[in-house]
Amino acid sequence: MKARLAVVALAAIGVWQVGSGAYIHAKAWLAQQLIASAWARTIEGEHAAKPWPWADTWPVARLQVIDRDIDLYVLADASGRSLAFGPGYVSGSAPIGAGNTVIAGHRDTHFAFLRNLRPGDELEIQTTDGREWRFEVDETHIIDSRTERLQFDDAAATVTLLTCYPFDAIVPGGPLRYVAVADLRNRLPSH
Amino acid sequence: MQSKSAAPVIVFLCAILQVWILQFFSPIAHAQGTEQDISSGSLTLRDDQGRSIDAPRLHTAVRMQVSGIVARVEVSQSFHNDSDGWVEGLYAFPLPENSAVDTLRMQVGERIIVGEIREKAQAQKIFEQARAQGQRASVVHQQRPNLFRTAVANIGPGETIDVVIGYLQIVDQDAGRYSLRFPLTITPRYLPGVQTSDDSSTIADLMPRLAHANPQRQSVSIEADIDAGAPLEHVVSPYHPISVAKTEGGVRVQLRDQQSPPDRDFELSWTPVVSGEPAVALFREPTDQGEHVLLMFMPPQAAHPVSTPREVIFVIDTSGSMAGQSIEQARAALLNGLRTLQPADRFTVIQFNSVHEELFDEPVEASPRNLAHAYRYVNNLYATGGTEILPALLTALAMRESTEHLRQVVFITDAAVGNEDQLMMAIREQLGDARLFTVGIGSAPNGHFLRNAARAGRGTFTYIGSTNEVERKMGELLHKLTSPVLTDIELHWPAGIEPEYAPASIGDLYAGEPIVVTARLPAAAKGMLTISGRTSGNWTRQISLGGMQPRTGVAALWARNRIGDLMDARASGATEEATRSNVLPLALQYQLVSSYTSLVAVDRTPARPDGEPLSSRRLPNTKPNGLDWPAEGMPSTATPAELNFAIGALLLLAALGWHLRTRRLQERRPR
């Protein structure tokens, strides 16, 4: 009797843990679906269109890597709460095209693709005014957030995608970050 | 009994397990991270052929020569290339605000090449040509009034090239104490969603977009000779350990560690021992452009504090760049400011980051209850988000003013922003009768903006670099806040002399502040100079112009101040073209680096053989000491999903194992 209870408890907690993990992934995926419709409204001119009524963030850009089948909506901030739903725009970095724009995302959900990103890959970014920008990945490297920092100040038009590193670390919260830096190639004509 | 308690115990154990795994493994992850960083990190970069090359090593040697109230400083940057390829070093660095940069010397081995002043785009072109032809060359551009950058091309394998940059500066003086600041790093600036008109695209490629700082590859040494013309006391460097030795004319100060990491600003202060007479210093330098004078005069002090009650609006920066020690200093400074309020005074507090929030909608009386409320509020401030100064400042300036109170805005920030011009315009237009006092916080605040803002706001700028300075510096600020202001300061020159002042107006002065003026006169002046002003009553002093001492550098200092005035005029509507056409000839005439002029030095002997590639390295700035980085710019971007999966799988396996084992036991057991 007592043994069976213990087994059931162990199994239940195991399921709960797996469920929590799966929930994180499900939430990450589902949120992007909801944000898609908010983005459509944003392009039509709605300011700060919320993906669901109680959301405290909203999409500010659409990020696509055509070759890698990536299509993501970038949220207005990079707080832990928002990053669960999508990659976030790091406040303090430049607006798209006006300097170095930094976008952060979770290494195990939205930004897991960064490990496969190579110099020469093209990013397409659509901004809220409907314009589309094309960036080309120039370099990728690893930085240590304890001693290094990102430069936001008046750089040439670049996009820096940032995620945690190593990609396979089991435990979150390490000091290393993986970044992919992309230079502006040209701006596509607006639709 | 046992079976009932088993389940909760296991849940508890699992919770502990998860926390324990998280905590126990993090340090290991850190240790691994460091190793990976060295082997594959960003400091090792590759050249065109895929070979890896280190960024040049950089040592900065600062030599300061202070005589009286003028300092000549030489900053020598040694770029050492310890790779086996040819490299170019690019380095952005701060200099004190209002420094008149007039010298560039490039030293290669025994040879010295002296730089020349050129229009900015032309200087860059000369540099790029030399770079392409394999000649050693260097160029110094001004990025912002206190931000410069050097580029050094064609540093050969194993070679060291020294770039020496020289500037002049007027020493700060306050309440008899002299001080100099040398900024050693830059707090990254926040640019709200505005375009800055700054800078031409030709040097945009010099901007580091990612800064990789490695303190091991950068170091700084500082040496200062002070000749104050009088015995000195209280030679203090609040942020660096120093050694002080007596010399013939004064003292020599050195950093105790001549390989210090450049992670915080250097400050040095000293007090000349003088008798009761008011301090006057008057220097001249005649050039082809006319007679230039530098005047410093300590006006008589009023003894009685003002009795008008004050209305103080504290504005505090709680943005991400303030994370770490900065926010602690800011909280301490603010609490200190609150404690000085008298019952008749009124106050409120506004905090801002990406948004702003007022403690009270308008100033309230400084009652014990309101103050207690404020103390609690301030103690709970923490740093996060962007630096949207403008809306907070406008809110502070728009608060209804009381006629019985003296309105003072105390602005506590590191001002890590790039939209200085926009803020200056708001201050000029909206301030009204209020006075703006800026308090700079952290290892490397934006001193240029804070000083200018205080000047435009008819207040003062106080710099607090460490928590144990808060008490003293805030005490001095309070003394200024409660002392009568010196107004209507006028200078009367002998008949027929029309001086061009820079800065154009002296403005009002607070207790302990000297009058410092540079001026250009059409011809040498003789006779008496009369200075008058007003505190509680009127006063007048006469100074003989015959006693003026010649001093080189006075002309350059005047020109630098004049250029500063012309650049500031943009905030009140001067067009870019008009500013350029005024500043450019002045900067070329007086040989100064400005927004439109740069220094360039080229060694005509080709160094790099044809065909050898040149790789370009950006040299980063070190992270300001005490700044918590992950808080801003590098969010944590890993979910615990993996961990959840791992623990879940482990537990399910354990449950399965246990289940099988009990079943086997039950089967074996006789029924």
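1. Basis. This is a predicted model: local features need pLDDT of at least 70, side-chain atom pairs count only at pLDDT 80 or more, and totals for chains, interfaces and linings use all residues. Residues are numbered from 1 along each chain as its sequence is written, while chains are lettered from A and ligands numbered from 1 in the order in which they are written.

2. Chain A, elements. Chain A holds two helices and nine strands. Helices (H or I, at least four residues) and strands (E, at least two) are DSSP runs, numbered from the N terminus. Read from the N terminus, the order in chain A is α-β-β-α-β-β-β-β-β-β-β.

3. Chain A, burial and contacts. Chain A has 191 residues, and 51% of them are buried. A residue is buried if 20 or more other C-beta atoms lie within 10 Å of its own, exposed if 12 or fewer, and partly exposed in between; the C-beta atoms are placed from the backbone. Take the contacts in chain A between residues at least 6 apart in sequence: 54% join residues at least 24 apart. Two residues are in contact if their C-beta atoms, placed from the backbone, lie within 7 Å.

4. Chain B, overall. Chain B has 11 helices and 36 strands. Buried residues account for 46% of its 671 residues. For contacts in chain B between residues at least 6 apart in sequence, 77% link residues at least 24 apart.

5. The five-stranded sheet. In chain B, five strands make an open sheet with mixed pairing, in the order S30-S31-S21-S20-S34. S30 (500–502) and S34 (549–550) of chain B are the edges; each has a single partner strand, so one side of each is left without a neighbour in the sheet. Two strands pair if DSSP finds at least two bridges between them.

6. The S20–S34 pairing. Strand S20 of chain B covers residues 280–287 and pairs with S34(B) in the parallel sense, over two bridges. Across this pairing, Arg284(B) stands opposite Pro550(B) of S34(B).

7. The three-stranded sheet. Chain B also has an open, antiparallel sheet of three strands, ordered S29-S32-S33. From one strand to the next, the twist averages 15°. Axes here are lines fitted to C-alpha atoms, for helices over the stretch in contact, and angles run from 0 to 180 degrees between N-to-C directions.

8. The S29–S32 pairing. S29(B) and strand S32 (residues 528–534) of chain B run antiparallel, joined by four bridges. Leu491(B) has Ile531(B) in S32(B) as its bridge partner.
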